[in-house]
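I opened my notebook for a new protein today. Here is what I looked up, entry by entry.

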Amino acid sequence: MLDGLIQVLIKERVTITEILESENNKDSLENKGNRVDVKAKTEKGEIIIVEVQLTKERDFFQRIIFGTATAIND
C-alpha cells in the first residue's frame, strides 16, 4: 500500500527495497505518532528515501523547520 501512495505522489512506478527505520511514539493517546523511512527504486533506476509521518499537523511543520535549519547549518 505504501508503494502505491509513493507512486501516486511522484507519478512514477517504485519498488520498496528496504525499511530503513521506523518509530512509534506511544507516550499518550493525544501525542501518538508514527514515522517510517523507506528506501525505494524508481522505474528510472534512481534510489530514493521517503519518510512517511503520521502525527498532528503542528508537529509536521516543526519537523520541517528543524530539518531545513539542520540542512542549512550543515
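Entry 1: Does Glu12 count as buried or exposed, and at what relative accessibility? I found that Glu12 counts as buried because its relative accessibility is 12%; buried means under 20% relative accessible area, exposed over 50%, and partly exposed in between, with a 1.4 Å probe and protein chains only.

**Entry 2: ground rules.** I am working with a predicted model, where local features need pLDDT of at least 70, side-chain atom pairs count only at pLDDT 80 or more, and totals for chains, interfaces and linings use all residues. I number residues from 1 along each chain as its sequence is written, and side-chain values use heavy atoms, with hydrogens and water left out.

**Entry 3: the outline.** I counted 2 helices and 3 strands (DSSP runs numbered from the N terminus, H or I of at least four residues for helices, E of at least two for strands). Along the sequence I read the pattern α-β-β-β-α. The protein has 74 residues, and 16% of them count as buried.

Entry 4: I located Glu12 in the loop between helix H1 (2–10) and strand E1 (14–25). Not counting residues up to four places away in sequence, Glu12 touches Gln7, Thr42, Glu43, Lys44 and Glu46 (contact means heavy atoms within 4.5 Å). I then looked at Lys44, which is 32 residues from Glu12 along the chain, with 8.7 Å between their C-alpha atoms. The backbone nitrogen of Lys44 lies 3.5 Å from a polar atom of the Glu12 side chain.

**Entry 5: its partner Thr42.** What joins the side chains of Thr42 and Glu12? I found a polar contact of 3.3 Å (a pair of N or O atoms within 3.5 Å; within protein, one must be able to donate a hydrogen and the other to accept it, and residues adjacent in sequence count only if both atoms are side-chain atoms). Thr42 is in strand E2, and Thr42 counts as buried because its relative accessibility is 6%. Leaving aside neighbours within four places in sequence, Thr42 also has Ile10, Arg13, Val14 and Ile48 among its contacts.

Entry 6: Of the 10 residues of E2, 7 are buried, so E2 is largely enclosed by the rest of the structure. E2 and E3 run antiparallel, joined by 8 bridges (two strands pair if DSSP finds at least two bridges between them). Lys39 stands opposite Ile49 in E3. In the hairpin, 4 residues sit between the two strands, and I noticed that Gly45 takes a positive phi near 90°.

**Entry 7: the core.** Which residues make up the largest nonpolar core? I listed 7: Ile6, Val14, Val36, Val38, Ala40, Ile48 and Val50 (a nonpolar core is a set of buried Ala, Val, Leu, Ile, Met, Phe, Trp, Tyr and Cys residues joined through side-chain atoms within 4.5 Å). Strands E2 (33–42) and E3 (47–54) each supply at least two residues of this core, and the largest share, 3 residues, comes from E2.
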